[in-house]
Amino acid sequence: MIGDSVTDCERARPIGEGLFGAIGKGYVSFVDGQLNAVYPELHIRTVNVGTSGNTVLDLKERWQTDVLDQKPDWLSIMIGINDVWRQFDLPLQTEKHVQIETYEKTLKELVSRTLPLVKGIILMTPFYIEPNPQDAMRARMDQYGQAVKRVAEEIGAIFVDTQAAFEPLLQAYYPAAIAWDRVHPNTVGHTVLANAFLKGIGFSR
């Protein structure tokens with residue numbers, strides 16, 4: 001499972017697996033816990049290679065070592081939050097921005113390159129924990145989410161709409177109660193992400 005800080009969640013280096021929370025403290029660990037508790041006979045090995053601050057271009061730089069060299073059976077990708085966020089919190093540092101055309105093209109290249117080597121790929125959208133779709137960053141994030149959906153449809157990947165998964169929660173809670181910066185969720189938010197992932201792969205108890 002590869003991505004940015006939301007995937008990372010203090011996972012071990014260089015590869016996130018092993019003892020003492022090495023898989024991280026977020027949705028990746030929740031998914032691993034459910035899969036292995038319900039299907040222990042499958043001995044599912046979950047590996048976390050999320051890295052805080054990453055954009056899709058950072059993923060491209062480490063794709064060989066952190067994805068292909070791991071020889072996964074299945075691959076999960078959630079990237080795009082920083083691709084969008086840097087456009088808003090660092091508006092003048094344009095070299096850190098990843099425009100949507102570059103984002104979609106790079107994501108498609110990576111998954112197309114990897115698809116023949118795995119049993120399947122799960123693509124999760126980036127999200128912004130903000131209920132107002134007219135909010136500038138939320139609107140931009142939704143555009144990047146649509147790009148993920150297009151790539152998933154083109155290559156036949158499993159698509160997980162994380163933004164949609166947060167909507168019921170945002171009807172009841174102020175965003176800061178889930179994520180102080182609207183990006184890094186608490187345990188409740190990570191549970192939402194894990195449940196969306198599990199639903200996407202057809203998990204059943």
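Predicted model: local features only at pLDDT ≥ 70, side-chain atom pairs only at ≥ 80, totals over all residues.
Local features were taken only at pLDDT of at least 70 and side-chain atom pairs only at pLDDT 80 or more, whereas totals for chains, interfaces and linings use all residues. Residues are numbered from 1 along each chain as its sequence is written, and side-chain values use heavy atoms, with hydrogens and water left out.

Helices (H or I, at least four residues) and strands (E, at least two) are DSSP runs numbered from the N terminus. Four strands form an open sheet in the order 1-2-3-4, with parallel pairing; two strands are taken to pair if DSSP finds at least two bridges between them. Strand 1 (2-3) and strand 4 (158-160) are the edge strands, each pairing on one side only. Strand 1 runs parallel to strand 2 and is joined to strand 2 by two bridges, and glycine 3 has methionine 78 of strand 2 as its bridge partner. Strand 2 (74-78) also pairs in the parallel sense with strand 3 (residues 120-124), over five bridges. Within this pairing, methionine 78 is bridged to methionine 124 and isoleucine 77 to leucine 123. Four of the five residues of strand 2 are buried, where buried means under 20% relative accessible area, exposed over 50%, and partly exposed in between (1.4 Å probe, protein chains only).

The largest nonpolar core comprises 60 residues, of which Tyr27, Trp63, Ile77, Tyr103, Leu107, Leu123 and Phe166 touch the most other members. Such a core is a set of buried Ala, Val, Leu, Ile, Met, Phe, Trp, Tyr and Cys residues joined through side-chain atoms within 4.5 Å. Helix 6 (residues 136-155) contributes the largest share, eight residues. With neighbours within four places in sequence set aside, leucine 123 is in contact (heavy atoms within 4.5 Å) with residues including Ile77, Leu107, Val148, Val151 and Phe159. Aspartate 142 also lies in helix 6; because its relative accessible area is 25%, aspartate 142 is classed as partly exposed. The C-alpha atoms of aspartate 142 and aspartate 89, 53 residues apart along the chain, are separated by 17 Å.

Helix 4 (residues 81-89) is mostly covered, with seven of its nine residues buried. These are Ile81, Asn82, Asp83, Val84, Trp85, Arg86 and Gln87. The buried residues of helix 4 pack against helix 1, helix 3 (56-66), helix 5 (100-114) and helix 6. Proline 14, in the loop between helix 1 (5-8) and helix 2, has a relative accessibility of 66% and therefore counts as exposed. Its C-alpha atom is separated by 8.0 Å from that of valine 49, 35 residues apart along the chain.

The largest pocket holds about 800 Å³ of space. On a 1 Å grid over the protein atoms alone, a pocket is an open set of points where a 1.4 Å probe fits, with protein on both sides within 12 Å along at least five of seven lines; lining residues have an atom within 4 Å of a point. Grid points are joined across faces, edges and corners, and the volume is the space filled by probe spheres set on the points. The lining has 28 residues, those closest to the centre being Ile44, Arg45, Thr46, Asp73 and Trp74. Helix 2 (27-38) and strand 2 each supply at least two lining residues, and strand 2 gives the most, with three. By class, the lining divides into 17 nonpolar, five polar and six charged residues. Here Ala, Val, Leu, Ile, Met, Phe, Trp, Tyr, Cys and Pro count as nonpolar, Asp, Glu, Lys and Arg as charged, and the others, Gly among them, as polar.
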